[in-house]
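Here are my notes for someone opening this entry for the first time. Please keep the structure in view while reading.

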Amino acid sequence: MSNQLSKEIIDAINNPDSIKVVATISKEGIPHVTPKGSLTVDENGRIRFLELLEKSQTQKNLVYSIWFDKYIAINIITPDRKSYLIKGKAYKTINSGKEFIDAYVAVQEKKGKDIDLSSIWLIDVESTSEQTFLARREVLETSNPYEIHVDRLAKDEYRYAN
Amino acid sequence: MAGLQYDQEWRKKEESIEEIIKKYPELPPIAILEIDAHRRGVFYTDAALERLDDSIHQVTEYKLRDGTFRKVPASLTLRDGSHLVVSEDTTKTARDPYLVDVVDNKIVLVDQGKVYEEVSFWEKPKFFDKFTSRGTPMKNVIQARPQRYSLQPSKFCHFWECAKDGCKYCSIGSSGVKYHGKPDDLINLQDVEETMRELVKEPGRFVGVILTGGSILSGPKLCEDELQIYIDVLQAMGTVFKTKKWPSQINTTAFDKEQLQRLYDQTGLTSYTTDLEVFDDELYQWICPGKAKAISHEEWKKRLFDAVDVFGKGYVDTGLVSGVELASPNGFKTEAEALKKDFETAEEMASHGVLLKHDIWHVGDNSIFRGQLNPSLDYYVQLTKGLYEINKKYGLSADMDSYRKCGMHPNLNLDRI
């Protein structure tokens with residue numbers, strides 16, 4: 001069962017002007033990051049995106065995730081520079097049947113008849129967090145009040161003294 | 001006909017799937033489940049069959065003992081996009097099959113009440129509902145799996161001319177005997193062309209084809225007529241493609257080098273398979289007597305090496321029917337002995353550039369080996385892992401016969417990460 005995504009994050013994901021990247025790891029533990037403009041949220045609350053190339057590293061790493069229950073990460077950056085991190089695992093890949101063929105036709109309508117489609121990927125979301133700098137700073141400095149350079153705590157008369 | 005006897009005690013005699021998954025953490029659990037489902041077969045509950053819609057799904061119909069027909073899905077796709085190639089009627093087993101049931105509104109594989117995996121039914125291609133101008137249903141001309149189509153150029157296998165010469169595990173050969181001398185033994189080329197024209201209209205449906213059928217030994221030299229039929233069919237298929245070569249595979253009797261060269265030069269064929277079937281010479285002679293009389297084990301291997309010269313490394317493979325080398329009374333007495341010999345021959349083949357695969361032995365009710373029991377899950381996992389590692393060691397890619405292009409070869413299905 002996929003974790004519930006907030007409306008704010010769903011809107012960020014479904015905004016075509018957002019930047020969307022997917023990070024996966026290989027069986028050797030090597031990270032791989034790639035943009036995924038096709039990323040959306042499906043009716044069951046899962047992340048859905050397309051992999052065009054059957055032999056790509058992302059494709060291999062997503063198979064690794066579904067086979068061995070490994071995490072993947074997704075980052076969404078909205079046009080107003082808000083950033084959201086989503087962690088999850090590959091739930092399913094679709095490479096045949098009506099849903100696949102509809103996606104294949106749509107890809108070719110958008111990108112041209114010489115473009116292939118390997119698979120549709122569905123991702124189960126396990127956790128989300130906002131990664132916008134100001135939001136993260138507030139969370140982290142509140143929970144770790146003494147992880148700070150001491151000059152920031154000094155009285156102004158000493159901090160800014162000549 | 002002697003059928004398999006169900007063994008109520010079978011679970012006590014072998015390790016469970018949970019134990020095997022724990023024993024081989026380097027293999028994906030879903031791949032082990034796939035192997036076990038191929039080994040044990042599946043059975044569809046009424047709830048699962050209620051989800052079957054023959055306007056959408058591929059359906060198989062088979063005759064029950066009471067003379068009625070049962071309609072079931074052609075087969076299943078797993079969450080990782082790989083395909084089980086199992087149907088109820090061909091997977092009768094001495095062990096309990098997995099149940100295909102509906103739980104929490106999902107179609108799932110179940111064993112002893114435990115849900116193992118979500119599955120989906122195969123959908124049929126659009127051409128399946130059409131007919132050629134000769135009135136032939138197109139689904140009888142070209143068959144389909146989710147991403148692959150297939151043709152059977154000939155139905156009767158000449159090794160079954162004399163029943164004792166047929167391969168002892170083979171159900172296809174024995175059921176093909178009824179086509180001997182019949183006009184519909186060979187595929188019609190006009191039907192092929194017309195069906196191909198319909199097939200390529202559907203976007204995103206297929207990534208490859210395999211042609212395979214009964215062996216034809218006749219002609220000016222051995223298998224010359226078989227070669228010519230494959231050339232004719234491939235040329236008929238090629239009329240719909242704009243490129244000289246297109247993703248394709250045939251699985252035939254082992255042709256000699258001159259025949260292989262003609263096949264490569266005169267058609268769009270890209271890859272070649274001829275199955276050695278049994279990786280031990282003496283057992284090959286016992287299990288495949290007709291083949292052994294026509295082409296010795298050594299000659300079959302040589303022809304595979306020649307095929308690598310013609311088609312290239314990574315474009316030729318061979319398989320064994322895994323488990324038949326343990327058949328009684330003449331087979332290996334232990335699984336360890338069988339695996340040792342299998343890996344020895346596998347190394348020899350791979351060192352010459354021949355990709356290796358195995359097909360899990362389904363003990364068919366109409367095969368000569370009916371009533372026997374296929375090996376343990378542990379044997380199948382060891383074989384899968386071993387062949388995968390040998391292919392890797394020799395730099396052999398599984399692409400020509402991958403999970404998309406076949407689905408029945410567990411070791412090749414692993415070549416995705």
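**Notes on chain B**

1. Start with the domain contact. In chain B, 20 residues of domain 1 touch 19 residues of domain 2. Two elements, α2 (17-23) and α3 (29-40) of chain B, each give two or more residues to the domain 1 side of this contact. The largest share of that side comes from α3(B), with seven residues. By class, the domain 1 side holds nine nonpolar, five polar and six charged residues. Bear in mind throughout that this is a predicted model.

2. Next, the helix pair. Helix α7 (residues 189-199) of chain B packs against helix α8 (residues 224-238) of chain B at an angle of about 30°, and their axes are 8 Å apart. Angles under 35 degrees count as roughly parallel, so α7(B) is roughly parallel to α8(B). The crossing of α7(B) past α8(B) is right-handed.

3. Which residues make this helix contact? From α7(B) come B:L189, B:V192, B:E193 and B:M196. From α8(B) come B:D232, B:V233, B:A236 and B:M237. Six residues of the contact of α7(B) with α8(B) are nonpolar and two are charged.

4. Two residues deserve a check of the backbone. B:C223 is not a glycine, yet has a positive phi of about 70°. B:C223 lies in the loop between β11 (208-212) and α8 of chain B. B:E277 also has a positive phi of about 70° and is not a glycine. The loop that holds B:E277 runs between β13 (271-273) and α10 (281-287) of chain B.

5. Are these two residues buried or exposed? The cut-off for buried is 20 or more other C-beta atoms within 10 Å. B:C223 has 22 other C-beta atoms within 10 Å, so B:C223 is buried. B:E277 has 22 C-beta neighbours inside 10 Å, and therefore counts as buried.

6. Inspect one peptide bond. The bond that joins B:S328 and B:P329 is cis, with omega of about 10°. B:P329 sits in the loop between β14 (316-322) and α13 (335-351) of chain B.

7. Then go to the loop between α8 and β12 (249-251) of chain B, where B:T239 is placed. B:T239 has 11 other C-beta atoms within 10 Å, so B:T239 is exposed. B:T239 and B:G268 are 29 residues apart in sequence, and their C-alpha atoms are 9.8 Å apart in space.

8. Last, the contact between chains. Here 14 residues of chain B meet 20 residues of chain A. The chain B side has five nonpolar, four polar and five charged residues.

How values were computed: Residues numbered from 1 in each chain as written. Chains lettered and ligands numbered in written order. Predicted model: local features only at pLDDT ≥ 70, side-chain atom pairs only at ≥ 80, totals over all residues. Axes fitted to C-alpha atoms, helices over the stretch in contact; angles between N-to-C directions. Helix = DSSP H or I, 4+ residues; strand = E, 2+ residues; numbered from the N terminus. Parallel < 35°, antiparallel > 145°, perpendicular 65-115°, else oblique. Left-handed = near helix turned anticlockwise from the far one by under 90°. Contact = placed C-beta atoms within 7 Å. Nonpolar A, V, L, I, M, F, W, Y, C, P; charged D, E, K, R; others polar. Buried ≥ 20, exposed ≤ 12 C-beta atoms within 10 Å, placed from the backbone.
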